[in-house]
Amino acid sequence: MAKRQETLLRLTYIVNFLKSKKDGADYFEIAKHLEERAYREGEGQLPFSEKTFQRDRKVIEEFYNVIIQFKNSNKKYHIVDTDSDETNSTLLYSIILINAYKQIGNRQDVIIFEKRQASGLYNFDGFVHAIHNLKKISFEYVRHWEKTGNRKVVEPYALKEFRNRWYLLAVDTQKSNFELRIFGLDRITNLEIHNSQFRKQEFDIEKMFVNSFGIVSTLNIEPTIIELSFETAQRKFVKSLPIHHSQEVLVDNGSDFKIQLQLVPTYDFYQELATHAERLIKIDPPKVRDEYLNFLKKGIENLL
């Protein structure tokens, strides 16, 4: 087994095991799990020692944003949940999924994936290469409401995901001003990576979306403090899958459940609220409530 693959497997098994242990696990339990897992999967022996484990802890925290903490109270290691940037954690979980899928081979009945997937990922490697190497790219781009596309020449900056769709953030060289524009990968064809490089401007892409719900940039727009009250039956769902990264629980006493969000309400946000429609009982401020009611009204009128 290649050393890189061996390390990825070991990191994956460690995180998976500790995630499954509510009360944590000591070093010997972790080592035993790794030995049993490697034997079960027919991967041979995964070299492991206490020194290796301490090094793995640092790698897992640095690259995957998952903190493994030792608690003196029970002399065991625990996964510490963190609500900071989850990008690297997501990468780790993708590795977990890939390794799980490798185990089942062609067994489609073991892991059932969502069948409705957007296209466009076939160019993903090309986009990553161009972004990393500061290469200009060109492609045909067709908007959903258009029949024919336009040839775009852009300077690619980043890729962003929202609801199983991926988007390219890039500067359109045909525009005179610097502005990161958003292109859906499923609407891009005939990708060409140019030899010419571009000079990347310093720009905080996170700021474009920090107050957004979805892919629409809300840079320089003042966010709104929004309070949502739900039936208590919805509390566990909303807490386990937060509506937005700014979500804070204001009231959770068994009879009332209220959260607070800080964002710029957009069409995507009202779509999300509609998924909670039956158990959403109050929205503040009134302006956001009225906009949400208009959103629902238009949908009902379309069906009448």
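User: What makes up the lining of the second largest pocket, by class of residue?

Analyst: In this predicted model, the lining has eight nonpolar, two polar and nine charged residues.

User: Why are H8 and H9 called roughly perpendicular?

Analyst: The axes of H8 and helix H9 (residues 286-303) cross at roughly 75° and come within 10 Å. Angles of 65 to 115 degrees count as roughly perpendicular, and H8 and H9 are therefore described in that way.

User: What makes the contact between H8 and H9, and how do its residues divide by class?

Analyst: From H8 come Tyr267, Phe269, Tyr270, Gln271, Leu273 and Ala274, and from H9 come Val288, Glu291, Tyr292, Phe295 and Leu296. These residues of the H8 and H9 contact divide into nine nonpolar, one polar and one charged. Gln is counted as polar and Glu as charged, so Gln271 is the polar residue and Glu291 the charged one.

User: Why is the aromatic pair of Tyr27 and Phe48 called stacked?

Analyst: A search of the whole structure finds 20 aromatic pairs. In the pair formed by Tyr27 and Phe48, the ring centres are 5.7 Å apart and the planes are at 20°. Rings pair if their centres lie within 6.5 Å, and planes under 30 degrees apart count as stacked; the pair of Tyr27 and Phe48 is therefore a stacked one.

User: Where in the chain do Tyr27 and Phe48 lie?

Analyst: Tyr27 belongs to helix H2 (residues 27-40), while Phe48 is in the loop between H2 and helix H3 (50-64). The pair links distant parts of the chain, 21 residues apart.

User: What is the omega value of the cis peptide bond, and which residues does the bond join?

Analyst: Omega is about 5° for the cis peptide bond between Asp284 and Pro285. Pro285 is placed in the loop between strand E11 (280-284) and H9.

Key. Residues numbered from 1 in each chain as written. Predicted model: local features only at pLDDT ≥ 70, side-chain atom pairs only at ≥ 80, totals over all residues. Heavy atoms only, no water. Axes fitted to C-alpha atoms, helices over the stretch in contact; angles between N-to-C directions. Helix = DSSP H or I, 4+ residues; strand = E, 2+ residues; numbered from the N terminus. Parallel < 35°, antiparallel > 145°, perpendicular 65-115°, else oblique. Contact = heavy atoms within 4.5 Å. Phe/Tyr/Trp six-rings, centres within 6.5 Å; stacked < 30°, edge-to-face > 60°.
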